[in-house]
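Student: Hi! I'm new to this one. Could you walk me through a few spots in it?
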Amino acid sequence: MNLENIKKEIEAKVKELGYELYSLNYLRKKGDNILEIIIDRIEPIDMESILKVSREISNYLDEKDLIEEAYLLDVSSLGAEKPIKIERLKDYLNQYINIHLSHPYKGENIIEGTLTSIDEENIVLTYKIKTRQYDALIALKDIDKARLAIKF
């Protein structure tokens, strides 16, 4: 079995379905072979989407007969609080995000809010403290990590 060839085949199929392949692993857990596939896209991925992709990939793998031995197929997404690559923040404009900073903003290393603006050097994150709303101008170079966040 050539995992690189399988990855290329599955990556093309996942792309055809409107997603990107985030990762692919072939593992052995508790005596079972598991093909673990994690998909992503900008728009949220619900359970119905996961099931559809799982069915399509399962049928595709059966048709192509890429894996000879028995295995379990595990398709999932990065979840509701998925990590965001800093260079892709522009794709998440007007979404509620969590950022971790290397240089604190007003004494805070972590800020959650709506990404309301982005350019080559800065973002504007609109956040609330109690009932008051604020706009934070933050340099992209000061952001260590970013992820989607759930607004309560």
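Student: Let's start with K82. Is K82 buried or exposed?

Tutor: K82 is buried, because its relative accessible area is 4%; buried means under 20%, exposed over 50% and partly exposed in between, with a 1.4 Å probe and protein chains only. Keep in mind that this is a predicted model, where local features need pLDDT of at least 70 and side-chain atom pairs count only at pLDDT 80 or more, while totals for chains, interfaces and linings use all residues. Residues are numbered from 1 along each chain as its sequence is written, and side-chain values use heavy atoms, with hydrogens and water left out.

Student: Got it. Where does K82 lie?

Tutor: K82 lies in the loop between strand 3 (72-77) and strand 4. Strands here are DSSP E runs of at least two residues, numbered from the N terminus.

Student: And what does the side chain of K82 reach?

Tutor: The backbone oxygen of R41, at 2.5 Å. The side chain of K82 also joins that of Y92 in a polar contact of 2.9 Å. A polar contact is a pair of N or O atoms within 3.5 Å; within protein, one must be able to donate a hydrogen and the other to accept it, and residues adjacent in sequence count only if both atoms are side-chain atoms.

Student: Which residues does K82 touch, leaving out those up to four places away in sequence?

Tutor: D40, R41, I42, Y92, R147 and L148, where contact means heavy atoms within 4.5 Å. D40 is 42 residues from K82 in sequence, and their C-alpha atoms are 9.1 Å apart.

Student: Okay, what about the sheet? In what order do its 6 strands come?

Tutor: The order is 4-9-5-6-7-8, in an open sheet with antiparallel pairing. Strand 4 (83-84) and strand 8 (132-139) stand at the edges with a single partner strand each, so one side of each has no neighbour in the sheet. Two strands pair if DSSP finds at least two bridges between them.

Student: How many bridges join strand 4 to strand 9?

Tutor: There are 2, and strand 9 covers residues 143-148. In strand 9, R147 stands opposite P83.

Student: New topic: N33. Why does N33 count as buried?

Tutor: Because its relative accessibility is 16%. N33 lies in strand 2 (residues 32-40). The N33 side chain makes a polar contact of 2.9 Å with the side chain of R28, and it reaches the backbone oxygen of A70 at 3.1 Å.

Student: Are K30 and N94 buried or exposed?

Tutor: K30 is exposed at 88% relative accessible area, and N94 is exposed at 58%.

Student: Last one: how many residues line the largest pocket?

Tutor: There are 15, and P44, I45, G79, A80 and L148 lie nearest its centre. The lining divides into 8 nonpolar, 3 polar and 4 charged residues.

Student: Nice, thanks! I'll go and find K82 in its loop between strand 3 and strand 4.

Definitions and conventions:
1 Å grid on protein atoms, 1.4 Å probe; cavity = no way out; pocket = protein on both sides within 12 Å on 5 of 7 lines; lining within 4 Å. Nonpolar A, V, L, I, M, F, W, Y, C, P; charged D, E, K, R; others polar. Helix = DSSP H or I, 4+ residues; strand = E, 2+ residues; numbered from the N terminus.
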